[in-house]
Amino acid sequence: MGISWPMAAPTRRVASLLCLTTALALPAAAQVDQQRAQEWFKDVQAVCEREGLRLWGMSLCAPMVISDPRTQTIATSQPAPEGPRPRFAAGMNAPIQWGGVTWGAYSWDTLATAPPRVRKSIMLHELFHGIVQRKLGLAASELLNEHLDVLDGRYWLRLECRALARALRESGALRRTAAVRDALAFRQARQTLYPGSAEKERALEINEGVASYTGVAAAADSEADAVAGALDALAGAETGESFVRTFAYFTGPAYGLLLDGSAPGWRQRIRNTDDFAALLAGAFTVQPAADAAAAAARYGGAEIRAAEDQRERGRQERLAELRRQFVDGPVLVIRGAGSGIFNSMGAVVIPDAGTVFFGPYSHNTDSGTLRAEKGVLLESDGRVRRVPAPMRRDDMTLVGDGWTFTLKPGWVIRDGPRRGDYEVVRQQP
């Protein structure tokens with residue numbers, strides 16, 4: 001599709017997307033196997049220099065570490081720095097700072113259960129985040145795509161993914177162009193329904209979609225292998241529990257590969273203010289198809305609508321319980337931005353309240369550190385977190401069902417405005 005690829009032995013196509021996200025926890029395998037880990041490091045090291053230069057004009061290479069927090073075992077691609085280790089959270093794949101250097105950090109569970117090409121894509125994805133993305137300035141401020149947890153948002157996104165898949169499969173220019181126009185029409189229909197959603201989606205595709213494209217393109221042995229990887233990623237939209245912060249892992253590789261075939265040099269021109277869909281429309285010199293509703297019939301729209309109707313009925317039942325737990329019932333309120341890592345798979349949006357993230361959640365803010373396993377509500381502005389009210393507390397630590405919050409000096413816990421609520425506030429002199 002317009003770029004040259006290294007020659008290599010063929011790789012069997014994976015049947016479905018397995019944890020191309022940066023935060024997907026999978027069932028435990030075992031403690032870190034040093035021999036297998038070193039083989040994976042060598043495999044990635046063999047391509048990160050060459051493919052980074054081919055794609056972005058700079059190496060993707062960086063030190064790597066694989067960890068299993070339950071057994072406290074790790075493997076590193078180079079000698080570990082002296083001193084204490086960083087805190088490795090279960091199921092998390094993300095760049096970390098260790099010994100003053102950026103490392104690609106990976107969960108043993110994720111890599112051990114992933115097919116070879118997917119494993120390599122995950123590792124290269126995180127190396128792009130840690131090294132190239134920062135140097136190129138390809139990062140954008142994000143807000144949650146909460147509209148992608150409701151029926152119509154999911155419906156149009158799934159149609160867009162099917163149209164992108166058809167565009168990748170088509171060899172004829174006219175049919176590929178028609179599929180691109182349909183994908184753009186489905187995207188436009190969705191974004192018209194939800195004001196402000198275009199910018200939210202654009203930002204996540206810059207942050208995660210470009211990284212996902214890089215992982216797929218760099219891991220591939222050939223153009224056909226890259227397309228197979230992108231199609232596997234798009235298949236995730238058929239079964240995804242939540243697209244609030246994962247949709248760009250599906251769409252990013254597809255948009256990137258379509259741009260490779262239609263706009264050579266796009267990677268050298270892309271900026272953090274760009275939009276994948278606008279770039280593709282410009283490359284193909286097309287507008288979205290005129291009638292998105294009519295186009296939906298060509299992609300199984302009725303089937304998708306029926307599936308989403310069924311999901312919506314189950315979602316409403318679950319929302320009632322989550323609202324009782326995180327909104328109406330007593331809670332601890334933690335304000336402030338900060339930084340952290342969390343599992344975005346299966347996130348659920350509570351309308352007019354925020355998004356609940358399940359699984360390992362770690363967040364550091366000015367007031368303290370939150371560690372959670374069973375759910376955290378992040379309000380829509382991204383600056384307030386809620387967990388069910390604590391079951392016990394002392395001067396510096398609060399413990400609830402599946403979570404712990406440790407206060408930093410200068411902060412205290414006081415009663416909230418509602419009976420049973422607590423909030424973290426700065427200590428008065």
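**Pockets, rings and a loop**

Author: The largest pocket holds about 1500 Å³ of space. A pocket here is an open set of points on a 1 Å grid over the protein atoms alone, where a 1.4 Å probe fits, with protein on both sides within 12 Å along at least five of seven lines. Points are joined across faces, edges and corners, and the volume is the space filled by probe spheres set on them.

Reader: Which residues are the closest to the centre of the largest pocket?

Author: Of its 48 lining residues (an atom within 4 Å of a point), the closest to the centre are Arg-245, Ser-339, Gly-340, Ile-341 and Phe-342. This is a predicted model, in which local features need pLDDT of at least 70 and side-chain atom pairs count only at pLDDT 80 or more, while totals for chains, interfaces and linings use all residues. Residues are numbered from 1 along each chain as its sequence is written, and side-chain values use heavy atoms, with hydrogens and water left out.

Reader: Which element gives the largest share of that lining?

Author: Helix H3 (116-136) does, with 5 residues. Elements supplying at least two residues also include helix H6 (197-219) and strand S6 (339-342); helices (H or I, at least four residues) and strands (E, at least two) are DSSP runs numbered from the N terminus.

Reader: How confident is the prediction?

Author: The average pLDDT, the predictor's confidence in each residue from 0 to 100, is 90, and 93% of the residues score at least 70. Over residues 1-29, however, the pLDDT is below 50, although this stretch has 94 contacts (heavy atoms within 4.5 Å) beyond near neighbours in sequence. Where pLDDT is low, predicted coordinates should not be read in detail.

Reader: Changing topic, how many aromatic pairs are there?

Author: The count is 15, for Phe, Tyr and Trp rings (six-membered ring for Trp) with centres within 6.5 Å; planes under 30 degrees apart are stacked, over 60 edge-to-face and the rest tilted. Phe-243 and Phe-250 form an edge-to-face pair, 5.8 Å centre to centre with 85° between the planes.

Reader: Are Phe-243 and Phe-250 buried or exposed?

Author: Both are buried, that is, under 20% relative accessible area, with exposed being over 50% and partly exposed in between (1.4 Å probe, protein chains only).

Reader: And why does Arg-419 count as exposed?

Author: Arg-419 counts as exposed because its relative accessibility is 86%. The residue lies in the loop between strands S16 (411-415) and S17 (422-426).
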